[in-house]
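Work through the exercises below with the coordinates open. Each task is followed by a stepwise solution.

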Amino acid sequence: MLQKLTQWSRLKSPWILHLNTGACNACDIEVVAALTPRFDVERFGILLEGTPRHADVIICTGPATRQMKDRLIRVYEQTPDPKFVMAVGACAMSGCVYRGAYNIIGGIDQLIPVDVYVPGCPIRPDALIEGVVKLLDKIKQGAK
Amino acid sequence: MSFEIPIGPQHPALKEPIGVRVTVDGEIIRDADLHLGYNHRGVEKLAEQKNWTQNIYLMERICGICSHSHATCYVQGVEKLMEIEPPKRGLFIRILVSELERVHSHLLWLGVAGHEAGFDSFFMYVWRDREIVMDILETISGNRVHYAINTIGGVRRDLDELQAKHILDSLEVLRQRSEYYQKLGTTEPSFVARLAGVGYLSKEDAIELCAVGPTLRASGVPMDVRKDDPYAVYDEVPFEVCTADTCDVLGRTVVRIKELMQSYNIIEYLLKNLPDGPIAVRAPRRAKPNEVVSRYEAPRGENIHYIKSNGTDKPERLKVRAPTLANYAATIKMLKNGFIADVPLIFAAIDPCICCAERSVAIVEEKTQQERIVTMSSLRELNLKITNYQARKREAEWPL
Ligand code: SF4
């Protein structure tokens, strides 16, 4: 019963943490744009949270610079279980145009496990919403 | 008794990774120190490995908010190097996009300022209207954020009658909304009380610390590259440089709202006087050995690109000085003797674009103090060495 309840609340209100690991800002403003009235992901109960300790989903943008590497891992560890990671944008997936630069690890899946990839450079807010819906589906299926 | 408080790199108030270390005495900030480099990607070094055309897209990805600024600044420089003159219509469209970008950037900022001041409905309102600009940009270029409209020698997409009409219609809506925000932003008592007097930067300090853009103009210095050193077609476009003399965050808000109005006028002028003709000329693949400095007034201030060519199809050196970098020194000044609660607001007021400002410096050898030129591979090795093999310093040491 309790499990059902937590599962239900997890599905109905995934709280997200937006983490920029060296993105060019374009993906970030599109993530924020997804929260504002035109796209409004809040209708899925999605809320942008400030601290990793409140979050269920980490939305990661950017190609993971070496400087951010340790911080990214630390933020991941601080997030309470169960946690999900979305790699948003071509950068977070593979490094995009920066691939091969000396300071770039190239894709956050090199550092932490990723659940959903959202392609695009930058992503459109619609794509982000689809990504979130897919993630919710995944959580639902995992529960069954 | 003073404490040191680390803010960032991941902090709810800062949208991008940057570390601020403030020394506080009670509630009052005595000193501030910036820790940079979290967003450094090595764009300048990367640019040396790509050819002139590929670099346009790399330059665009320096920053997502002022992507057109960097691309235009770079393209202008390369055009000077290659000694080609883009056609008039191409320039008009280029400037049209850059003004639209200014509108979207200023609206974005206005929203963020509202959010930082605790006025969230203002934030939502502004961002809703910002979508109108995004739609315009999408109709012109096909993209919402990275427009990819520049090419060396002109622009890549033409504008037709219908699009021009659509833009003019949307502009009317935007104008009305901005007037409403102007009224709201400058008369709503709680909002004004939150912004007035915060982050004071006197005129002398602003000049001395080389502030740029709206931060400088809000301290009463009418400086704008578009007026002082007109590039493209700005010498024939009528517009005014907006200033304010309150020297605080309120002034910066007012300057930006006024600039919005000016931008609408410029866009209208550009659309009504759009000349006929081709939009681009063919560019050569190589540029003669030479060097050039290109200036551009980005939404956040003056953007400078230094480009050096050596006769091949790749730049030998590309240096980017983004406006945010120029504003850092002034920010420290503004933070000093302010309250901790004002940190996000003051920071937001310069409209920081951290990814723009993360440029690397030359490697200076510690012992000999000598600068040296390094190759990409050795830089990469060096970086690996530093990040992997060094004992990591703990970031947040609570001083208790
Ligand atoms: S994917 Fe593209 S738009 Fe997104 S952060 Fe990377 S370079 Fe910028």
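**Exercise 1: Aromatic pairs**

Over all chains, the structure holds nine aromatic pairs. Rings of Phe, Tyr and Trp (its six-membered ring) pair if their centres lie within 6.5 Å; planes under 30 degrees apart count as stacked, over 60 as edge-to-face and the rest as tilted.

The model is predicted: local features need pLDDT of at least 70, side-chain atom pairs count only at pLDDT 80 or more, and totals for chains, interfaces and linings use all residues. Side-chain values use heavy atoms, with hydrogens and water left out, residues are numbered from 1 along each chain as its sequence is written, and chains are lettered from A and ligands numbered from 1 in the order in which they are written.

Task: classify the ring pairs Phe119(B) with Phe122(B), and Tyr180(B) with Tyr181(B).

Solution. 
- Step 1. A pair of aromatic rings is described by the distance of the centres and the angle of the planes.
- Step 2. For Phe119(B) and Phe122(B), the centres are 5.3 Å apart and the planes stand at 20°, so this pair is stacked.
- Step 3. For Tyr180(B) and Tyr181(B), the centres are 5.9 Å apart and the planes stand at 50°, so this pair is tilted.
- Step 4. Buried means under 20% relative accessible area, exposed over 50%, partly exposed in between (1.4 Å probe, protein chains only). Phe122(B) is buried at 2%. Tyr181(B) is buried at 1%. Tyr180(B), at 32%, is partly exposed.
- Step 5. Ring pairs link Phe119(B), Phe122(B), Tyr180(B), Tyr181(B) and Phe191(B).

**Exercise 2: The interface**

Task: describe the contact between chain B and chain A.

Solution. 
- Step 1. Count residues in contact (heavy atoms within 4.5 Å). Chain B gives 49 residues and chain A gives 41.
- Step 2. Take the buried area, the accessible area (1.4 Å probe) that two parts lose on being put together, summed over both. The value is about 3,900 Å², with 59% from carbon and sulfur atoms.
- Step 3. Find salt bridges (a side-chain nitrogen of Lys or Arg within 4 Å of a carboxyl oxygen of Asp or Glu). There are four across the interface. One of the partners is known by name: Arg38(A) bridges to Asp135(B), with the closest N and O atoms 2.9 Å apart.
- Step 4. Assign helices, which are DSSP runs (H or I, at least four residues; strands are E, at least two), numbered from the N terminus. On the side of chain B that touches chain A, α1 (43-47), α4 (88-116), α5 (120-141) and α15 (376-389) each supply at least two residues. The largest share, nine residues, comes from α5(B).
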